[in-house]
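Let me put it on the screen.

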Amino acid sequence: MKRLLTTTCACSVILLSHLIVARAMLNPIDFLALQSIRKSLNDLPGSNYFASWDFTSDPCNFAGVYCDGDKVIALNLGDPRAGSPGLTGRIDPAIGKLSALAEFTIVPGRVFGALPHTLSQLKYLRFLAVSRNFISGDIPAGLGQLRVLQTLDLSFNQIAGSIPFAVGTLPALSNVILCHNRLSGSVPPFVSRALTRLDLKHNDLSGSLPSAGLPPSLQYLSLSWNRLSGPVDRVLSRLNRLNYVDLSMNRFTGCIPGNLFSFPISNLQLQRNEFSGPVQPFDQVTITTVDLSFNRLSGGISPLFSTVQNLYLNNNRLTGQVPGSFVERLLSASIQILYLQHNFLTGIEINPTVEIPVTTSLCLQYNCMVLPVQTPCPLKAGKQKTRPTAQCIQWKG
């Protein structure tokens, strides 16, 4: 019995010495903060991320914990490998105690609850990414105190409320990814001259874009599936570094600036808005995909669009003849998609006996012309081949 007690005491001494060593290696405040964070999160079934989080050893050797000296500088929670089920639980407010933290991420999983407002205490935080979880509540306005923050990714959650004005004042932001949430209110002005990516799609944002609130450094702009309105010509015409633009599924009005088509854009999505007036590019358009469908555009089709591979101009109020340059590119299979249905176009000079290349999708139906060629159209184009004469006369008049 005495031998057993001696052995037990020896084990306790060893365990205590390990704990003292661990505490000595890491700042005590950081040590306790990690303990609190661990208690509020758990592995989902099939995840084994926290297996290495044994607080009798050095926490700087835990999975996802990175230290500099005695301080935690990066915390990447969850197994980043594809197929990992991730974590569940809440983000403990103790996260704000990791005073040297520069990077904080959580892999996709089922982490729920609000973002702790103590995040605003992390004055060295440069990278914050908590996406594809079930985070709710609002975006803490205190994030506007993180003056060195470069990436803010809270996408694919259930975050509501507005985007704090203070977030837009952060001077070092380069990536703002808040898509697929429940955000409302307006888009705040962004002052960072380093901002290259702004992704706010699939929210409930409304109002007009701030006229000088998007910096010329922007390269990726996605605002689709919101309720944004007002003109955008002054905003877009300044953003000459854009290589991707998606403003679809909104209520934007006014004209589309002609210089937009000269920007280094690979994909331009402006469909399903209320854009109006003629569209006149300044030069031959080299953008691969241009979608201007379901707007209120009028006037003729510019021949400068004939170099676009996938062109959607359907469901507008376009008039006149289809330029001959389109026919040439159609027959050479240089155009893959040309949708012109549901306009007021009066003709296209194409031989009825010619064969449209099988790699090309052409739709001309429901215009003010007798179709020179029969081509398959999308089901949503309807069954009527030609627009009623009365509508054509009224529109022409």
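The largest cavity is lined by Val-279, Leu-292, Leu-297, Ser-298, Gly-300, Ile-301, Ser-302, Phe-305, Leu-313 and Leu-318. By cavity I mean a set of points, on a 1 Å grid over the protein atoms alone, where a 1.4 Å probe fits but cannot get out, and a lining residue has an atom within 4 Å of a point. The space inside comes to about 70 Å³; grid points are joined across faces, edges and corners, and the volume is what probe spheres set on those points fill. That lining has seven nonpolar residues, three polar and no charged. In this count Ala, Val, Leu, Ile, Met, Phe, Trp, Tyr, Cys and Pro are nonpolar, Asp, Glu, Lys and Arg are charged, and the others, Gly among them, are polar.

Before I go on, a word on what you are looking at. This is a predicted model, where local features need pLDDT of at least 70 and side-chain atom pairs count only at pLDDT 80 or more, while totals for chains, interfaces and linings use all residues. Residues are numbered from 1 along each chain as its sequence is written, and side-chain values use heavy atoms, with hydrogens and water left out.

How many cavities of 30 Å³ or more does the structure hold? There are two.

Now for the open space. A pocket is an open set of points with protein on both sides within 12 Å along at least five of seven lines. Of its 13 lining residues, Arg-272, Phe-294, Asn-314, Tyr-339 and Lys-380 are the closest to the centre. The whole lining splits into five nonpolar, five polar and three charged residues.

On to the sheets. The chain has six helices and 27 strands, counted as DSSP runs numbered from the N terminus, with at least four residues of H or I for a helix and at least two of E for a strand. Nine strands make an open sheet with parallel pairing, in the order E10-E12-E14-E16-E18-E20-E22-E24-E26; two strands pair if DSSP finds at least two bridges between them. At its edges are E10 (160-161) and E26 (344-348), each pairing on one side only. E10 meets E12 (residues 182-185) over two bridges, and Gly-161 sits opposite Leu-183 there.

The other open sheet I want to show has four strands, E1-E4-E6-E8, with mixed pairing. E1 (41-43) and E8 (134-136) are its edge strands with a single partner each, so one side of each has no neighbour in the sheet. E1 and E4 (residues 87-89) run antiparallel, joined by three bridges, and Asn-42 faces Thr-88 across that pair.

Last, let's zoom out. What box do the C-alpha atoms fill? Along the principal axes, roughly 105 × 40 × 30 Å. The radius of gyration, taken over C-alpha atoms, is 29 Å, whereas a compact globule of 397 residues would have one near 21 Å, by the rule of 2.2 Å times the number of residues to the power 0.38.

That's my tour, and I'm happy to take questions.
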